[in-house]
Amino acid sequence: MKYQEFYNKSISNPEAFWKEQSEQISWYSKPENILSKNDKGHNQWFEDGKLNLSYLCIDKHIEDGYGRQNAIIYDSPVTNSKEIITYNRLHKEVSKLAGALKEIGLKKGDTAIVYMPMIPQAVYAMLACARIGVIHSVVFGGFAPNELAIRIDDCKPKVILTASSGIEIDRIIPYKPYVDEAIKLAEHKPNSVIIYQRHLGADTPGKPYDIDYLSALNTATPAEPVEVESTHPLYILYTSGTTGKPKGIIRDSGGYATALKFSMNYVYGVHSGDVFWAASDVGWVVGHSYIVYGPLLNRNTTVLFEGKPIRTPDASTFWRIIEEYKVKVMFTAPTAIRAIKKEDPNGEFLKQYDLSNLKYQFLAGERCDAATLKWTEDKLKVPVIDHWWQTESGWPMLANMAGVELATVKPGSATFPVCGYDIQIMSEEGEIVPNGKEGYVVVKLPLPPGNLKNIWGNPERFVAGYLSRFPGYYFSGDGGYKDEDGYVFITGRVDDVINVAGHRLSTAEMEEVVASHPSVAECAVIGINDDLKGQIPLALVVTKTDNKLAESVIQTEVIKDVRKSIGPVASLKQVVLVDRLPKTRSGKILRKLLRSIADNDQYKIPSTIDDPLIIKEIENKFISHKVGNTKK
Ligand code: COA
Ligand code: AMP
């Protein structure tokens, strides 16, 4: 099939296109109404369809005779353990856990937080919620208790599912104590906390709300899947925005299931029965879509990897897993490849493994630099596909659609729009710009199935953040351009969101923490280029006139505060004290200019700057503090 023809069909008649795709999944009640408007006037897909994601990911395959197929391969170098879970076993684990949730009073429409490391119980928890119509919200383990508390207050879970602890390379992460601390900080108090005891030697003092995971399972009656409407929220996933408060992206059920099934076949080019590996974390959207729901819906075997690309134990781990489990398609972030490349530049480890089953290597989560792309292509000798998407979309928006027709790769471009996405580049004034010209990346409405339904508890932010800037279009928050052949190049965020080692973080949120330090008068946090992580945060601090603390003390304290409040994943390691910040005459901090100085890029001093002399001061500071590219 030719890409262009397939794509055109999806744009010229989205209803017919997605109706056909929706027939690839088993509905309890097939939708008649394919695309409609909800009571707020927003588009919705398959309104009158009824289904259950847990049924589609498990029971359906068993009914079709594939109960003995492997559903999950759990590989954990950090605990030196491996486990294979068949669809039959997955059914048992999930239906029992769903039964246990029902017994403690959870029902359709309730919310539950899952705060767990990369263990099978995290997947069971998500599917158990989906089974009984409970809306889950998975929180990434690298976030601190304070961040967990913010999410508890926002989505008000009846229960939190957690584990006693996790392992970050060689360090124990005390999940359960973090949950206790978060509950203490939060105003909303969940009724129960279900704890999967890992026996890793961490102390987990008991609380009145504690329920032991295995004991609850032992006494539970397995629960059957409940029918939910296509528009019923499957999950809430918090992501960073331009303010200090994360936003809870709501995903529907029917649109998401249709889109994921479509993407497994046409974007990733995998067939039922193949082994698929997304080396991400269940706490991110990649984990939701391509560790859990996508591969399981498509009856693939999914790899659940509790480790890192390096140091668990070394840079050979990815290749070992590909060989050992005959992975056909793999997905990771460019930063993971850069980490491997740094340790093993000539790919010596790679030569020791048989990677002949690998057909495609997908990369996403951040911009893929040409050197990383080339190294991966040279070493793996398979198509390396950079593709672009976001928590909001839930599945790829730009890709080289491997299951349709592979186009020639242009380094730096995530290739063409995926079926259903009418992607345009807009000027500030809302005009579509000519090819070659950079602008805002937008998608013409209606967005295809699977995209965000709304923001939990904040419908105004949904409209303000995504829909009102360019009426009739979804605003992605990214900048980019199209070339003369229609390839789309994403150049980076145009807001205060940064991408650190494939993790999406808000500089505004970090600024709130930095600004709350008693010695700080004002501050700016910007994302600067980093060879390994793509971007890293840099804090610029102006101290109060009466400050008595030494520079090094402020730096240490600010770094500690951010780690404590947001989590280690924030990766703030550099704080520079400056006398003042460059601003426009109206008082706006010139962050883009600061980034250009740190990255050693060419820049023009904006005519709106209030004091041009400040530039030299900042440049000198950056050089003396070895900031970003100024150190070279
Ligand atoms: N739980 C607790 N802490 C975590 C964590 C988790 N799940 N994930 C990361 N952290 C901690 C790290 O230990 C590190 O702590 P440190 O500052 O004490 O060293 C900190 O958060 C920053 O982590 P990270 O940015 O991941 O840097 P790193 O140096 O530990 O690892 C890479 C670098 C490139 C190996 C790692 O980032 C990686 O594997 N990236 C792939 C990213 C990815 O898959 N993203 C998903 C989107 S597709
Ligand atoms: P997240 O919501 O965490 O998946 O992060 C989404 C953001 O990551 C996007 O808005 C982009 O800024 C960035 N991103 C993801 N994939 C790519 C890619 N292939 N190329 C460039 N940027 C990307």
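This is a predicted model: local features need pLDDT of at least 70, side-chain atom pairs count only at pLDDT 80 or more; totals for chains, interfaces and linings use all residues.
Sorted by class, the residues lining the second largest pocket are 8 nonpolar, 8 polar and 3 charged.

The chain is divided into domain 1, which is assigned residues 3-307 together with 387-480, and domain 2, which is assigned residues 501-631. The contact between these domains involves 20 residues of domain 1 and 14 residues of domain 2, and their C-alpha centres are separated by 34 Å. About 1,300 Å² is buried between domain 1 and domain 2, with 43% of this area on carbon and sulfur atoms. On the side of domain 1, the residues S240, G244 and W284 account for 35% of the area buried against domain 2, which is more than any other three residues supply. The interface of domain 1 and domain 2 is crossed by 1 salt bridge. A salt bridge is also formed by E392 and R504, whose closest N and O atoms are 2.8 Å apart; E392 falls within the 387-480 segment of domain 1 and R504 within domain 2.

Over the whole structure, the search returns 34 salt bridges. One of the pairs is formed by the side chains of E229 and K108, with a distance of 3.0 Å from N to O. Because E229 belongs to strand 13 (residues 228-229) whereas K108 is placed in the loop between helix 4 (87-103) and strand 6 (111-115), this pair ties together parts of the chain that are 121 residues apart in sequence.

Rolling a probe the size of a water molecule over the atoms shows where empty space is left. The structure contains 4 cavities of 30 Å³ or more, and the largest cavity holds about 50 Å³ of space. The residues that line the largest cavity are N52, L53, C129, A130, G133, V134, V228, H232, P233, L234 and S253, and by class this lining is made up of 7 nonpolar and 4 polar residues, with no charged residues. For the second largest cavity, the volume is about 40 Å³, and the lining is provided by C368, D369, L373, V384, D386, V409, K410, P411, G412 and S413. The lining of the second largest cavity, by class, has 5 nonpolar and 2 polar residues and includes 3 charged residues.

Several features of the backbone occur in loops. The peptide bond that leads from T312 to P313 is cis, its omega being near 0°, and P313 is found in the loop between strand 17 (301-305) and helix 11 (317-325). A cis peptide bond also joins L445 to P446, in this case with omega near 5°, and P446 is placed in the loop between strand 24 (439-444) and strand 25 (454-455). K381, a residue other than glycine, has a positive phi near 55°, and the position of K381 is in the loop that connects helix 13 (370-380) with strand 20 (384-386).

Technical notes
Residues are numbered from 1 along each chain as its sequence is written. Chains are lettered from A and ligands numbered from 1 in the order in which they are written. Side-chain values use heavy atoms; hydrogens and water are left out. Ala, Val, Leu, Ile, Met, Phe, Trp, Tyr, Cys and Pro count as nonpolar, Asp, Glu, Lys and Arg as charged, and the others, Gly among them, as polar. Domain bounds come from an automatic or database domain assignment. Contact means heavy atoms within 4.5 Å. Buried area is the accessible area (1.4 Å probe) that two parts lose on being put together, summed over both. A salt bridge is a side-chain nitrogen of Lys or Arg within 4 Å of a carboxyl oxygen of Asp or Glu. On a 1 Å grid over the protein atoms alone, a cavity is a set of points where a 1.4 Å probe fits but cannot get out, and a pocket is an open set with protein on both sides within 12 Å along at least five of seven lines; lining residues have an atom within 4 Å of a point. Grid points are joined across faces, edges and corners, and a volume is the space filled by probe spheres set on the points. Helices (H or I, at least four residues) and strands (E, at least two) are DSSP runs, numbered from the N terminus.
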